[in-house]
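Visitor: I would like to learn how to read a structure such as this one, feature by feature. Could you take me through it slowly?

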Amino acid sequence: MKTRVVCVEGPNRISIREETLAAGDNEILVEAYMSSICGTDKNYYLGHMPKPHAVKDTSNIENESHSAYPILIGHEGAGEVVEVGAAVSEFKPGDKVMSFGWKNTMADYWVSRIRHDGYGVIAVPDGMDMQTASLGEPIACAVYAGMVSGVELGDTVAVIGAGFAGQIIAQVVKAKGAHKVIVVDVVDGKLGLAKKMGADITVNAKSENVLDVVLELTDGYGVDVVVEAAGYGETIETGTEILRHGGILGLYSWVLDPVRMSIDRWHNDGFDIRTLALMHRVGHDRPWWIAKTLDAVVKGYVKIEPLISHTYDLSEADAAFRTACHDENACKVMLKP
């Protein structure tokens, strides 16, 4: 099968390549419905490459840490199965599936190995439309972060970063019973969207002192839970400053660059520090969490459609990446073949 696929040739350079695909014995061939641009994709486009580490990865995920250009791109997407390999019994042509893992999904067609650890493809749940399914992986990740953030009934919660993930996390913690949800960002448009999505209070960190606002709202105690979803050392520092004694600091973002922070309060105030990354958990419980998070979406606890800010044709991938990386009001940018 001939397919177009988006390729990052180097920093700020996008091309559309033509590839030939076929399903191997333990693989399926999927006709793409839509795909979307993730923060990881943006990092490759901008030239921010992940840093290697010495400790072995036991999550058994397909490698997202590409070390050199060119990079065929995309891991968020959904579509319809058009071909199955000889050893595949789980799926058949016509089934609707979503990608969980690196499949080069910014394409007309893509191939996935069949895996059972939440890092292959997942059947689209009954009741979920294909546009939402095309965002299944990032939705599951953000819903999971909210679910395991430790938020309890009556808590005051700060979500730092009002991008796609932060918008979802704010909705989830509100649904879990947070009394007040404070969303922090530097873009008024994204803060306005957060307010429409149900945030109680929004704070623009460019024009307001976040610590002063939080202290006034909490009688000087600080918030019960912080979820950092912006991806900078400064935003982790802000979360450290505004958290109450004994509070929970949830780290969602993939921060690529070394950071310097004052972390004495992590020890002195007994913080519970949590990483909230679903796709980098050990593999045995990932499928259970994926099913649980997507079920919450099907049941209507999280609104997704208002978070899709831009949709481009696959042939316009260069413009789509420029929008995703440089338009401060872009929330989720999608590509359609």
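**Reading the strands, helices and charged pairs**

Guide: Let us begin with a bridge: in strand S6, the residue Met 98 is the bridge partner of Ala 78. This is a predicted model, in which local features need pLDDT of at least 70 and side-chain atom pairs count only at pLDDT 80 or more, while totals for chains, interfaces and linings use all residues. Residues are numbered from 1 along each chain as its sequence is written, and side-chain values use heavy atoms, with hydrogens and water left out.

Visitor: In what sense do S5 and S6 pair, and over how many bridges?

Guide: Two strands pair if DSSP finds at least two bridges between them, and the elements themselves are DSSP runs numbered from the N terminus, with helices (H or I) of at least four residues and strands (E) of at least two. Strand S5 (residues 77-84) and strand S6 (residues 96-99) pair in the antiparallel sense over three bridges. S6 also pairs with strand S8 (residues 121-123), in the antiparallel sense and over three bridges, and there Ser 99 stands opposite Val 121.

Visitor: Which residues of helix H10 are buried, and what do they pack against?

Guide: Buried means under 20% relative accessible area, exposed means over 50%, and partly exposed lies in between (1.4 Å probe, protein chains only). In H10 (residues 317-326), the buried residues are Ala 317, Ala 320, Phe 321, Thr 323, Ala 324 and Cys 325, and they pack against elements including strand S1 (2-10), strand S2 (13-20) and helix H1 (39-46). H1 in turn has Thr 40, Asp 41, Asn 43, Tyr 44 and Tyr 45 buried, and H10 is among the elements that cover them, together with S1, S2, strand S3 (27-36) and strand S4 (71-72). After H1 comes Gly 47, whose phi is positive, near 90°.

Visitor: What does Glu 9 contact, leaving aside its neighbours within four places in sequence?

Guide: Contact means heavy atoms within 4.5 Å, and on that basis Glu 9, which is found in strand S1, touches Ser 15, Arg 17, Tyr 69 and Pro 70. With 21% relative accessibility, Glu 9 counts as partly exposed.

Visitor: How many salt bridges are found in the whole structure?

Guide: Side chains of opposite charge can pair when their charged atoms come close. A salt bridge is a side-chain nitrogen of Lys or Arg within 4 Å of a carboxyl oxygen of Asp or Glu, and a search of the whole structure finds 13 of them. In one, the closest N and O atoms of Lys 332 and Glu 76 are 2.9 Å apart. Lys 332 lies in strand S16 and Glu 76 in the loop between S4 and S5, so this pair ties together parts that are 256 residues apart in sequence.

Visitor: Are these two residues buried or exposed?

Guide: Lys 332 is buried, with a relative accessible area of 5%, and Glu 76 also counts as buried, at 1% relative accessibility. Elsewhere, Arg 115, Asp 117 and Arg 286 are linked in a network of salt bridges.
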